[in-house]
Structures are given as C-alpha cells and as structure tokens.
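Thank you for making time for this today. Please have the sequence and the three-dimensional view open while I talk.

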Amino acid sequence: MERRDFRKLRGVMFRHLCRKVENNDPSVDCVAWGYYTLKQYDVEMLVKSIRQNTVATKLRLWNITMTNKEGFKILAEIFTCGKTTASRIQHLVLRKIEFVETNCLEHNFLKDIGTILKMNNNIQRLELPSNHITDTGIAYICNGLAENTTLKHLNLSHNKISCKGATCISKVLLKNNTLTYLRLSDNPIKDEGKLAILYVVKRNFYIKTISISCMESSSTITTINPLNGAIQYYTDLNNFGHRQILKNDDTVPTSLWPDLLAWFGKNCKAEVFYYYIKSKPELFKS
C-alpha cells in the first residue's frame, strides 16, 4: 500500500471513530487515536463528537502532530466549559504531541493544560509523558495544579524537567492533599531537585507514590540514588501507615490499632511497623 493510500485509509478510520463517539457507541468508553496528523478540521470533528458523547470517560492521544497552533486550544475548550458533556472525561492521556510550529509546545499547549487543571473539576488522571516538557512548561502545569482539587494521578515521565521544575512541583505539593500518584521518572532531575521532593514528602501525608528513579549506568555498574529510596520510604508510610492519623494528634485511640494492623496484613513493610513503634510505643505494650 502506498503512503498516500495509507493516509487516506487512516482518515476514513478517524472519521469512523468520530461518528461512533458522537453516536454514543457503548463500546467506546475510551476515545483513543494515535500516529496521525490532526488538521484543524480534524480537531473540530473530534471536539464535536466528544461534546455529543455521554459514555466515554477516557481520551488518549499519542504520536499526534498538530498543524495549527490553535488546534489544541480548540480541544482544550471542551474541558474548560464545565456544563458540557465533555466534562465526563476523567482520564486524559497526551503522549508525544508535536506541533508544526515548534514554539507552540510550551507557550500554547502547556498553557492550555494549566487552564484545564484550573477549570476542570472532573479529570482525575492526567498523563503527559514524552512531550519534551521543560521547567518553563512545568510552571504552567503547577499554576493549574495549585488551584486543582480533583486530580489524583499525574504522569510527567520521559520529559526534560530539571531541578528547577522539581522544586516548582514540590512547592505545590506542600499545599495539595488530593494528588496521590506522581511520576517523574526519566527526567534529568539531580540531587537538588530530589531533596526538594523529599522535603515535601516528609510533610505531605496524602501522596502514596512518587516515581522519580532514573537508573544511572556506567559500563558494567548500575547505581540507584539513595534519595530515591528515602522518597519511597515516606510514601510507603503514607501508603501503608496512614501517617495522617498521627498528624497533630498525640492521643491516637488504642481501638484504632487492631484494625490498622489487621489491614496491613502481609503487605506491611518492616520499617512501617518500626515507625509506629517508635512514635507510639505505649500502644504496643501488652
């Protein structure tokens, strides 16, 4: 099949998908499309179909090239108009989004992402891996995250976020009690940025997973940064230990502990028990 014929076939398939979405086909709970160049009329067709849809809760776009700098702004509008049916989307995945105009990435695309986070109250999971996001772009995302109260899962892996961006994220997390999962793996974040994340995870009692690892290899030896382990230690305490019951409370009822310990089961790590024994030894006396 010639390349021209292949593009034509993909166009037919895209229009077929949009019709299924617009007609509320129950088999399409996730609107997914990839490896495609979206022109403005394609974006408008997709937006129209999502506006009419009352079934789909996920939107996944990957390896997409947008020819018009306003393309994503048109798409973003369905998330920032709270009364539209598009607000049903709870899981948004945008992977490897490219623009013909290269400067659109951070000044348009990520600025619109920040607006979505500010204005949308339904998105619970946002994934933005492999989008060449730098510290400039992270500033837009953090501005939106600072006003967001619903997002639980944020994936920023495989980007170009450095220590400055990690510090920006850590400042937002100091006041955020909704986000429980943050993925920053495979970004060029050095120890300074990891220390900023460690500082906040010691004080944030809600986030349960932070992935920040990036294996550093030399010829035959692979090393793991000890700061990654320290970050995981405190998120484990949140995940298994529920540190929030100790927050500003020196009189944790003894009656809570049997249920708490039973809930741990086999999954509880030794350091979690150690943390509680050290913090409340009187509750473990027979």
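This is a predicted model: local features need pLDDT of at least 70, side-chain atom pairs count only at pLDDT 80 or more; totals for chains, interfaces and linings use all residues.

Residues are numbered from 1 along each chain as its sequence is written, and side-chain values use heavy atoms, with hydrogens and water left out.

Let me begin with the sheet. Helices (H or I, at least four residues) and strands (E, at least two) are DSSP runs, numbered from the N terminus. Here 7 strands make an open sheet, with parallel pairing, in the order E1-E2-E3-E4-E5-E6-E7, where two strands pair if DSSP finds at least two bridges between them. Strand E1, residues 30-38, and strand E7 stand at the edges with a single partner strand each, so one side of each has no neighbour in the sheet. From one strand to the next, the twist averages 5 degrees.

Looking inside the sheet, strand E2 (residues 58-66) pairs with E3 in the parallel sense over 8 bridges, and the bridge partner of Ile 64 in E3 is Ile 97. Strand E3, residues 91-99, is in turn joined by 3 bridges to strand E4, residues 125-127, and these two run parallel. Along that pairing, His 91 stands opposite Arg 125 in E4, and Leu 92 stands opposite Leu 126 in E4.

Now to the helices. Two packed helices are described by the angle between their axes and the distance between the axes. Axes are lines fitted to C-alpha atoms, for helices over the stretch in contact, and angles run from 0 to 180 degrees between N-to-C directions.

How do helix H2 and helix H3 pack, and at what angle? Helix H2 (residues 40-52) and helix H3 (residues 71-80) pack at about 5 degrees, with their axes 9 Å apart. That makes H2 roughly parallel to H3, a term for angles under 35 degrees, whereas over 145 counts as roughly antiparallel, 65 to 115 as roughly perpendicular and the rest as oblique.

The buried residues of H3 include Phe 72, Ala 76 and Phe 79.

In the second pair, the axes of helix H6 (residues 163-173) and helix H7 (residues 191-201) come within 8 Å and cross at roughly 10 degrees, which makes H6 roughly parallel to H7. Their contact includes Ala 166 and Leu 173 of H6, along with Ala 196 and Val 200 of H7.

Turning to the cysteines, a search of the whole structure finds 0 disulfides, a disulfide being a pair of cysteine sulfur atoms within 2.5 Å. For Cys 142, the nearest cysteine sulfur, that of Cys 168, is 3.4 Å away. Cys 142 is buried, with a relative accessible area of 5%, while Cys 30 is partly exposed at 22%.

Last, Lys 202 lies in the loop between H7 and strand E7 (209-211), and Lys 202 is partly exposed, with a relative accessible area of 38%. The C-alpha atoms of Lys 202 and Leu 237 are separated by 9.7 Å, although these residues are 35 residues apart along the chain.

Methods: Contact means heavy atoms within 4.5 Å. Buried means under 20% relative accessible area, exposed over 50%, partly exposed in between (1.4 Å probe, protein chains only).
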